[in-house]
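Here is a short tour of the model shown below.

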Amino acid sequence: MSRDGWIGLGLLLFSGWLYTHLDDIPANPLVPVGPSFYPRCLLLLTIGLSLALVLQQLLTARAEKDQASRARRVESYRPTLVAFSGFFLYVLLLPKLGYFFSTALFVSSLQWVLGRPRWRRLPGSLLLGTGTALITYTVFERYLHVFLPRGSWLP
Amino acid sequence: MVEIISQSLASILEPRIFFSMVAGALAGLIGGAIPGVTITMTVILVLPFTFGMDPLQGIATMIGVYIGGESGGLVSASLIGIPGTPSAIATTFDGHPMAKKGEPGRAVWTGIWASLLGGLLAGIALVVGATQLARLALSFGPWEYFSLFVLTLSVVGALTEGSIIKGLLSGTLGLLVTTIGTDPLMSIPRFTFGLEFLHTGFAFLPILIGLFAFSQLMQDLETRGTRVETQSSADFDLSVSHLQVLKDILSQPFNLIWSTLVGLWIGILPAVGGSAANILAYDQAKKFSKHPEKFGTGISDGIIASEASNNANVGGSLITMMAFGIPGDAVTAVMLGALIIHGIQPGPLFVITNVKVAYGMLAAYFIAHLVTVVIEAGCLRFFIKVVTVPLHTLVPIVLVFCVVGSYALNNIMENVYTLLIFGVLGYFMVKTGFPLAPMVLGVILGDQIEVNLIRSIMTDSNLWLFLTRPISGTLLVLAFASFVLAIYQEQRSRKPGRASA
C-alpha cells in the first residue's frame, strides 16, 4: 500500500477511536439534537473519506507516480530538522528562561547554525540574537503593553 | 453613504491611524519583496503589534500590509526574476524579460501603476458589493447560512490542487478541530479527555500561524536552502517617464478592466487567493491579445494583467469577508481572526453594527493604495537591497514573531504549544499532498456551521427545508455541482496522455 493508503488507514483508525468516545459526551434534554450530533456527522464523514482514500490507493497505481515525483525534487532536510529542533527547544525553554534570554539564545544559535557555522560568525549571530530580543522586548512590553513570558527559573 | 465614507476617510487620516497604516504598507512592501516571506506571513508578523490598538487602527494597519505586500511582490519579480509572493508569479513572465532588456524602471512602474488602477477599480466594487451583499445576507436564515458554508467548504475542498478526497478530508479535519472543547450552544465539553487546556478548544490564530507561517518556513528551508544570491542595487536604473507608462496602461482598457474583474472574482471565491488570480488573468490577457506570441518576451500587457488582478483580488477577498464573514484568502483569514480578538464578528451584521470599522476599512483600502505608490516612489532602491536578506537570518526572527503573536493572544503558553502542534501538522500535510486551505476554512467556519445546523433543526426538524428553501437549495445544488465538476476534472487529468502534458 502507498503512503496515502497508510495515511487513510491512520485517519480511519483515529476517527474510529474518536467515534467510540462520543458516548462520553453528556446528552442535553433541552435540545432535540445533543452536543454529540455534529461531531458524529463529521466523524462519519471522515471515516467515509478515509475509506475512500484507502480504496483509491488500492485501486490505482498512484504510489509509483508519487515516488517518481518525489525522486525528481531536490530537497535538503538538514536545515528543516535543525530549525524544527531549535524551535522545539525554544518553546520548551520559553517558560523557564523567560522571553528575553530564550529568544536571544534561540535567534543567535539558529542563525549561526543555519548559516555557515564558523567561529568568526559567532559575534554577529550573538549580536543579532541579543538585538532581536532587546528590541522586541522593549517594543512589546514598554510601548504596546503586550506582556511576554517571564522565566520560572529566574528570580 | 457619501457622508459616512467621507467621515471614514477623515478618521483614517487621523495621524495615529494613518501612520500605523503607512508602517503597515511599508512592512507589506518589504515582506512582499522578500522571496519566501508571503503576505500572510507578513500580516502574521504585524499582528501582535495590533493587539494594543483599537479595532480600526489595527485593521487599517493590516490592510496597509495586505496592499503593500501585493505591490511589493512585483519588485523582486521584475528585477531579479523571483516573485516575492505567489501573487506576483505571472509578473516575472514579462517583468523580468523587460528589466533584462534594459527597461527595469518601466517594468517596475508598469506594475506599480497597474496595481494602483486595478486596486482602485476593484475598490468601487468593494464599496458597492460589500454593502449590497451584506443586505442580501440579512435575509438568510440558519438553513441558508449552513448551505452557504457547506458550499464554501465544498468548493475549496474539491477545487484545490490535487486529490479531491484529500481536499475534502482536510476540510473535515478542520471542522473536527472545532469540536474539541465546549460545544458552542450548551457549553458541554467534548473530546477534552480531562485536559484543562482543551476545555476552551484550540485558539484559531495560533492554528493559522502554525499552518501557514511555520510550515511555509520549514518548506522554504528544504527547497531553497539558507542562502540567496546577492544582487547589486546599483545594477538597475529605475528612471522612467511616468506619463508614458500611464499612457501605455490606459491604451489597454480591456486588458486592465478584464484583469481587474478576474482578480475580483477570484478574490470573492473563498480561500483561492491572488496566486491563482494573477496566473488566470495573465492567461486570459494572452488569449484575448492580438499578439499572444509576444507574451513572455517583456511586453507591458502581461505585467498589467498580473498586477491589476492581484490587487483587485484584495478587494474581492474583503467583499466576502465583510459580507459573509468568510475569508477570501489566507490574509483575510488572519484579519478575520484579528477582528474577532477585538470583539467584532464579521458577517452580514458587521457593516450595520460596526459602521465606523466597516467603512473605515473601505477608506483604508483606498488610502493604502495611494500610500503604497508614494512609498514605492521613495524607497524602491531600498527594497532591492532588502530582498537579499538571507533565509538563515530571516527564519529565526520570523519564528520569534510567530511565538509572540500566539502567546500575546491570551498571555498563555498553551497557544504557543498549539502553534507548534499545528505547525508540525501543516508541514506533514503539505509533504503528503493535503491542501491547507480547506483545513483553515474548516477551522474558521466549524462553529458557525454547527450553530446554524442545530438552530435550523431546533426551529423545524424537517431536514427537507435545506433543499426546499430556494436560496438554501440553490446553494446546496451548487455545492454538489462543484463536487461533480471536480471529480470530472480529476478523471480527465488522469486519462493517459494528459498526465505527461
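In this predicted model, the largest nonpolar core holds 207 residues, and B:Met322 and B:Val440 have the most contacts inside it. Helix H16 of chain B (residues 355-386) supplies the largest share of this core, 17 residues. To see the surroundings of B:Met322, look for B:Ala130, B:Ala134, B:Pro346, B:Phe350, B:Val351, B:Ala358 and B:Met361, which B:Met322 touches when residues up to four places away in sequence are left out.

Next, the meeting of the two chains. Here 50 residues of chain A are in contact with 45 residues of chain B. On the chain A side, the elements that give two or more residues are helices H1 (3-20), H2 (37-59), H4 and H5 (122-143). H4(A) gives the most, with 14 residues. By class, that side of chain A has 35 nonpolar, 13 polar and two charged residues.

A straight helix of 37 residues would span 54 Å, yet H4 of chain A (residues 78-114) spans only 9 Å between its end C-alpha atoms. A kink of about 130° in H4(A) is centred on A:Gly98.

Finally, chain B as a whole has 21 helices and two strands. Its radius of gyration is close to the globule-rule value for 501 residues, so chain B is as compact as a globular protein of that length. Some values for chain B:

| Property of chain B | Value |
|---|---|
| Radius of gyration | 22 Å |
| C-alpha box along the principal axes | roughly 70 × 55 × 50 Å |

Of the 501 residues of chain B, 63% count as buried. Among its contacts with a separation of 6 or more, 78% join residues 24 or more positions apart.

Key. Residues are numbered from 1 along each chain as its sequence is written. Chains are lettered from A and ligands numbered from 1 in the order in which they are written. This is a predicted model: local features need pLDDT of at least 70, side-chain atom pairs count only at pLDDT 80 or more; totals for chains, interfaces and linings use all residues. A nonpolar core is a set of buried Ala, Val, Leu, Ile, Met, Phe, Trp, Tyr and Cys residues joined through C-beta atoms within 7 Å. A residue is buried if 20 or more other C-beta atoms lie within 10 Å of its own, exposed if 12 or fewer, and partly exposed in between; C-beta atoms are placed from the backbone. Helices (H or I, at least four residues) and strands (E, at least two) are DSSP runs, numbered from the N terminus. Two residues are in contact if their C-beta atoms, placed from the backbone, lie within 7 Å. The expected span of a helix is 1.5 Å times one less than its number of residues. The bend at a residue is the angle between axes fitted to the seven residues ending there and the seven starting there. Ala, Val, Leu, Ile, Met, Phe, Trp, Tyr, Cys and Pro count as nonpolar, Asp, Glu, Lys and Arg as charged, and the others, Gly among them, as polar. The radius of gyration is taken over C-alpha atoms; the globule rule is 2.2 Å times the number of residues to the power 0.38.
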